[in-house]
Amino acid sequence: MGKQSHELQTAIKAAHAAGAITLEKFGELTLSEIQPKDFKDFVTDVDKACEAAISSIITENFPEDSMLCEEGTVINGSSGRSWIVDPLDGTLNFIHSFPVFCISIALKGPKNNLLTGVIYQPILKELFYAECGQGAFLNGKQITISSRTQKETFLMGTGLPFKEYHYLESSIEMLKEVIHDSAGIRRAGSAALDLAYTACGRFDGFWEYKLFPWDFAAGVLLVREAGGTVTDFTGDPDVFQRQSIIAGNNITHPLLLEKALKHFTTEIP
Ligand code: 2AM
Ligand code: CA
């Protein structure tokens, strides 16, 4: 990759700052630092401290851009561009000292076009990043999606319902089929990291119904810049219209989309 843009440099700086905050507290969180946000959904003082650090670094550098962060920071800027931030993806893992979480930062243009994406896994010090048209990278090395084509070799990532059960049956039916069509499935608890792992070929494909823009924005750009295909469960590449994601190569994406269309027809908004 050539020279990194000011936008990418800023996103990386913000991700590293948040990563340092997570590492100080990982394994040390006390119950008083955890608050319920919603049914089975939690926020911690670490999520909030990460969000404060990221939003201040970004606004200092790009005061005219908008921002949407998971824990409530919303800025309405004049530039037409918007930063989409998950300050800590995998909060439940973090609370349980399960070392699978990341920081996800994306920049979106006025037509929902993704410009920049950064996903940082602080425990392993893995920095995934991409800019539109420039390829995708992990710690400076270009990454590409999986080239596997044989079903019995696929390792697939997914997320399953944890608090809304109206799509549980559809999810289980689809899961059953993917179990037959793969070597194994992982439900690790961080959608952003699942997408980063799809971008670098660790996962051959990923699907999850009911995600928010901060869960997938950076990861979608990573997968596309790594040569993969990403749509929602209807096959629409404009992933900001609905809350579902399918990502993979030219074998796994159609395989997963076909199953999503079959099992989620009534649920698609
Ligand atoms: P979060 O940690 O940023 O909230 C998709 O599974 C996403 O749902 C995860 O990336 C996670 O993002 C969020 N999530 C919130 N509560 C969850 C829970 N109880 N179990 C799994 N994922 C949860
Ligand atoms: Ca989060």
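Tutor: A residue is called buried when its relative accessible area is under 20%, exposed when it is over 50%, and partly exposed in between, with a 1.4 Å probe and protein chains only. This is a predicted model, in which local features need pLDDT of at least 70, side-chain atom pairs count only at pLDDT 80 or more, and totals for chains, interfaces and linings use all residues. Residues are numbered from 1 along each chain as its sequence is written, chains are lettered from A and ligands numbered from 1 in the order in which they are written, and side-chain values use heavy atoms, with hydrogens and water left out.

Student: Does Asp181 count as buried or exposed?

Tutor: The cut-off for burial is a relative accessible area under 20%. Asp181 has a relative accessibility of 14%, and therefore counts as buried.

Student: How far apart in sequence are the parts that Lys151 and Asp181 tie together?

Tutor: Lys151 and Asp181 form a salt bridge (a side-chain nitrogen of Lys or Arg within 4 Å of a carboxyl oxygen of Asp or Glu), their closest N and O atoms being 3.9 Å apart. Lys151 lies in the loop between strands S10 (141–143) and S11 (155–158) and Asp181 in the loop between helix H4 (168–180) and strand S12 (184–186), so the pair ties together parts separated in sequence by 30 residues.

Student: What is the relative accessible area of Asp65, which forms a salt bridge with Arg81?

Tutor: The closest N and O atoms of Asp65 and Arg81 are 2.8 Å apart. Asp65 lies in the loop between helix H2 (45–61) and strand S3 (66–69), so its bridge to Arg81, in the loop between S4 and S5, ties together parts that are 16 residues apart in sequence. Asp65 is buried, its relative accessible area being 4%.

Note on methods: Helix = DSSP H or I, 4+ residues; strand = E, 2+ residues; numbered from the N terminus.
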